[in-house]
Amino acid sequence: MTHTRIAGTGSYLPARVLSNEELSRTVDTSDEWIVSRTGIRQRHVAAEGELTSDLALNAARQALQAAGIEASQLDLIVVATTTPDMIFPSTACILQAKLGARAGAAAFDVQAVCSGFVYALTTADALMRTGDYRHALVVGAEVYSRILDWQDRSTCVLFGDGAGALVLSRSDSPGILGAKLHADGRYTGILSVPGSVRNGKVCGSPFLEMDGNAVFKLAVKVLGELVDETLAAHGMARGELDWLIPHQANIRIIQATARRLGMSMEKVIVTVDRHANTSAASIPLALDLAVRDGRIRRGQSILMQGVGGGFTWGAVLARL
Ligand code: COA
């Protein structure tokens with residue numbers, strides 16, 4: 001039977017750091033309010049002209065290096081993003097060219113907002129098990145700074161830019177153990193960027209809109225259910241899980257999920273304080289930061305959990 005495993009990880013945060021304190025000089029907020037409600041201390045903002053594919057490129061190069069794989073060996077590139085460089089072609093195709101990856105390799109984007117990375121990883125894993133692919137690059141990359149209304153304090157303090165990546169390679173023993181993906185389109189209205197491009201004009205708001213309380217409640221509910229559902233499908237008990245890597249949106253959502261599951265926060269990876277909510281990039285960013293600081297080690301079990309606009313939610317269970 002064909003299996004896949006995570007061969008290497010990488011991440012990238014733009015150089016420009018925007019602290020809560022600096023933000024409070026341009027919008028009516030404070031470091032105290034942001035930290036106590038969200039756990040966020042700072043976010044990174046892409047430079048003028050720095051595109052999602054550029055962020056993805058930096059994270060991808062690091063992941064390839066960690067895996068000991070050349071870009072020319074990639075058979076598949078999947079990018080999860082809600083902020084693509086352009087309407088088309090996909091950011092994955094643009095990344096393929098920037099990386100100098102093999103022409104003819106498959107490349108496409110996945111759009112599932114903050115659940116995008118778990119959707120992309122599940123898709124890549126499934127393709128590798130059935131298709132003729134040896135190495136895949138899976139990236140989550142976003143420039144949310146460009147879809148935020150910087151005068152709206154209820155949303156602009158929450159998000160940031162960044163990218164995370166991993167190389168998935170075919171293997172004899174299981175690395176990716178399984179996944180659960182869900183969506184419920186009835187909740188489109190609680191978190192969206194409603195605008196669209198029509199006949200040369202942007203129609204509707206091009207900025208992120210959110211009912212924060214509704215998102216909070218739904219996120220805690222589905223994330224709690226998701227852990228048990230995913231572990232049960234693989235006959236694993238909560239105690240056997242080494243690490244939970246939740247979507248990095250808000251420390252209170254993460255703590256509420258851990259509480260609901262009776263999990264110690266010592267088994268939960270938290271990086272939201274450093275980069276805020278980077279949507280599809282948040283899970284691979286958190287994974288990479290925790291691999292590089294030595295917390296997550298080879299052989300350990302990890303559960304990656306995404307939740308976001310759509311409403312979408314999903315999890316991938318893996319052994320590193
Ligand atoms: N600074 C200061 N005050 C702010 C503020 C800010 N950045 N943003 C909102 N407020 C104010 C509100 O205007 C409100 O004032 P009012 O009582 O005078 O009307 C007050 O703070 C409380 O707002 P409330 O919405 O009740 O706060 P909250 O404790 O629920 O926290 C969120 C708000 C957005 C932090 C919280 O709802 C949340 O985290 N939701 C989930 C968001 C998320 O993670 N989305 C992405 C998921 S993928």
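Predicted model: local features only at pLDDT ≥ 70, side-chain atom pairs only at ≥ 80, totals over all residues.
1. Domain layout. The protein is divided into two parts, domain 1 covering residues 3-172 and domain 2 covering residues 177-319, and the C-alpha centres of domain 1 and domain 2 lie 14 Å apart. To the contact between them, domain 1 gives 51 residues and domain 2 gives 47 residues.

2. The largest nonpolar core. This core has 46 residues, and those with the most contacts inside it are L303, V307 and F311. Two or more residues each are given to this core by α7 (212-233), α8 (251-261), β14 (301-308) and β15 (312-319), with α7 making the largest share, at 9 residues. Because domain 1 (3-172) and domain 2 (177-319) both give residues to this core, it lies between them. As background to such a grouping, nonpolar side chains in soluble globular proteins tend to be buried together.

3. The surroundings of L303. Once neighbours within four places in sequence are set aside, L303 is in contact with V227, T230, L241, W243, L244 and I245, and also with A315, V316 and L317. One of these contacts of L303, I245, is included in a second, separate core of 32 residues, whose members also include A80, M128 and L168.

4. Is Q300 buried or exposed? Its relative accessibility is 13%, and because buried means under 20%, Q300 counts as buried. The place of Q300 is in the loop between α10 (282-292) and β14, and its side chain reaches the backbone nitrogen of R297 at 2.8 Å. Leaving aside neighbours within four places in sequence, Q300 is in contact with D242, W243 and R295, as well as with A318, R319 and L320. W243 is therefore a residue to look at from both sides, since W243 is among the contacts of Q300 and, by the 4.5 Å cut-off for contact, also among those of L303.

5. The β4 and β5 pairing. Strand β4 (residues 76-80) and strand β5 (residues 106-110) run parallel and are joined by 5 bridges. Within this pairing, I77 has A107 in β5 as its bridge partner. Together with helix α4 (residues 91-99), β4 and β5 make a right-handed β-α-β unit.

Terms used: Residues numbered from 1 in each chain as written. Heavy atoms only, no water. Core = buried A, V, L, I, M, F, W, Y, C linked by side-chain atoms within 4.5 Å. Buried < 20%, exposed > 50% of the residue type's maximum accessible area, 1.4 Å probe, protein only. Helix = DSSP H or I, 4+ residues; strand = E, 2+ residues; numbered from the N terminus. Domains from an automatic or database assignment. Polar contact = N/O pair within 3.5 Å; in protein donor to acceptor, adjacent residues only side chain to side chain. Pairing = 2+ DSSP bridges. Right-handed = clockwise from strand over helix to strand, strands pointing away.
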